[in-house]
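I opened the structure file today and kept notes as I went. Each entry covers one thing I looked up.

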Amino acid sequence: MWLIELAVIVLLGTSARAIGEAAEHSRWVRTVVRLLVAALSLFSVVLAVVATTVGEPSLAIRALGAGVGVGLAWLGGYRRVLARWVPIDPGSILDTMGLAALQGAIGFFGGALLVAETLPPFEVTAEQLAGQAVAEVFLAFIWIGFPTRRGWRQALERLGLRGIDRRVVAVSVVFTLALFAVSVVTSLLASLLQPGVIERIEERLLPLTTAFASPVAALALGLLAGTGEEILFRGAIQPRYGLLLTTLLFTVLHVQYELSLVSLGVFGLAILLGLERRWFGTTACILTHALYDALAILLQGTLR
């Protein structure tokens with residue numbers, strides 16, 4: 001089932017890019033896209049109202065968040081204001097579609113974050129992680145215009161992917177230590193102020209930390225998660241939509257941490273990774289993310 005879901009996501013992402021490129025050259029396609037987006041936004045708001053009426057607040061919050069996020073992206077004035085701080089072209093249909101998808105996802109998963117207390121245990125296999133990483137890397141290349149507008153070398157440069165040398169390794173180690181500092185501080189605060197949340201998170205992540213408890217498995221998890229997420233978020237999304245929006249998306253997608261001080265820690269980690277991308281490139285971010293995840297899993301297994 002998870003493989004089908006990934007295939008659908010990749011297909012939708014690839015189709016969206018192709019439609020966006022076609023819309024740049026065809027007024028008819030642009031009109032159709034605008035009508036579809038308007039219909040989607042309206043449907044989301046109606047769904048939120050219906051869900052509220054029938055006593056489904058979780059669905060209502062997510063639907064309203066997605067509808068507002070998508071709708072805002074299509075307001076020209078909003079895009080022009082946003083373009084003062086985010087490197088988008090407010091007149092580009094491709095940038096508008098990307099912004100709508102990004103803000104819609106933030107609204108939807110942000111709503112889910114508000115009602116995440118009842119989430120089931122977080123179970124994932126190595127095969128699922130590998131599939132997710134492949135899908136994320138594939139979408140990252142497609143969304144930056146490879147191969148239609150960028151060749152291989154141009155794509156690597158746009159994604160911030162460079163060779164590994166001693167400088168990159170040293171930077172990665174320093175940023176890993178910084179990530180652990182943020183994580184330790186927010187986790188300690190959460191343990192003091194939100195002990196019930198910490199208990200739920202630990203129970204939810206127990207299957208994951210158990211399945212990847214060995215050093216080899218933990219390293220594999222770190223490399224897979226780090227490669228896919230960093231190339232997609234820091235490599236593809238951040239240079240176009242900015243550090244803050246990318247960080248918000250990264251944070252709310254980690255819905256397993258609920259709306260808590262732990263989520264605030266995830267936000268801090270994403271800010272650090274975003275700065276690392278800006279200053280040192282995506283390759284350094286991949287190494288940092290992989291090292292952090294692997295060590296975190298091993299430490300959790302040791303302390304449990």
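**Ground rules**

I worked with a predicted model, where local features need pLDDT of at least 70, side-chain atom pairs count only at pLDDT 80 or more, and totals for chains, interfaces and linings use all residues. I number residues from 1 along each chain as its sequence is written, and side-chain values use heavy atoms, with hydrogens and water left out.

**Entry 1: the core**

I looked for nonpolar cores, meaning sets of buried Ala, Val, Leu, Ile, Met, Phe, Trp, Tyr and Cys residues joined through side-chain atoms within 4.5 Å. I call a residue buried under 20% relative accessible area, exposed over 50%, and partly exposed in between (1.4 Å probe, protein chains only). Which residues touch the most other members of the largest core? They are Trp74, Leu99, Leu102, Leu159, Ile237 and Tyr241, out of 41 residues. Several helices give two or more residues to this core, including H2 (27-53), H5 (93-114) and H10 (215-253). H10 gives the largest share, nine residues. My helices are DSSP runs (H or I, at least four residues; strands are E, at least two), numbered from the N terminus.

I noted a second, separate core of nine residues as well. Among its members are Leu129, Phe212, Leu221 and Ile297.

Next I checked Leu99. Contact here means heavy atoms within 4.5 Å. Leaving aside neighbours within four places in sequence, I found Leu99 in contact with Ala73, Tyr78, Arg79, Leu82, Ile88, Tyr241 and Leu245.

**Entry 2: helix H6**

The 18 residues of H6 should span 26 Å, and its end C-alpha atoms are 26 Å apart, which agrees. What covers the buried residues of H6? The cover includes helix H1 (2-23), H7 and H10.

Ala135 lies in H6. I read a relative accessible area of 10% for Ala135, so it is buried. Leaving aside neighbours within four places, Ala135 is in contact with Leu6 and Val10. Ala135 and Leu11 are 124 residues apart in sequence, but their C-alpha atoms are 10.0 Å apart in space.

**Entry 3: helix H11**

H11 has 20 residues and reaches 28 Å from first C-alpha to last, close to the expected 28 Å. Of these 20 residues, 14 are buried. At its start, a side-chain oxygen of Ser260 comes within 3.2 Å of the backbone nitrogen of Val262. Gly281 follows H11 and has a positive phi, near 100°.

Arg277 lies in H11.

Most residues other than glycine have a negative phi, and most peptide bonds are trans. I found exceptions. The bond from Phe146 to Pro147 is cis, with omega near 0°. Pro147 sits in the loop between H6 and H7. Glu258 is not a glycine, yet its phi is positive, about 60°.

**Entry 4: charged pairs**

How many salt bridges does the structure hold? I noted seven.

Glu258 meets Arg204 in one of them (2.9 Å, N to O). Glu258 lies in the loop between H10 and H11 and Arg204 in helix H9, so the pair ties together parts 54 residues apart in sequence. Both Glu258 and Arg204 are buried.

Asp95 pairs with Arg240, with the closest N and O atoms 3.8 Å apart. Asp95 is in H5 and Arg240 in H10, 145 residues apart. Asp95 counts as buried at 10% relative accessibility, whereas Arg240 is partly exposed at 30%.

Glu230 and Arg234 form a salt bridge at 2.7 Å, N to O. They are four residues apart in H10, so about one helical turn separates them.

Last, I noted a salt-bridge network that links Arg17, Glu21, Glu24 and Arg149.

How values were computed:
The expected span of a helix is 1.5 Å times one less than its number of residues. A polar contact is a pair of N or O atoms within 3.5 Å; within protein, one must be able to donate a hydrogen and the other to accept it, and residues adjacent in sequence count only if both atoms are side-chain atoms. A salt bridge is a side-chain nitrogen of Lys or Arg within 4 Å of a carboxyl oxygen of Asp or Glu.
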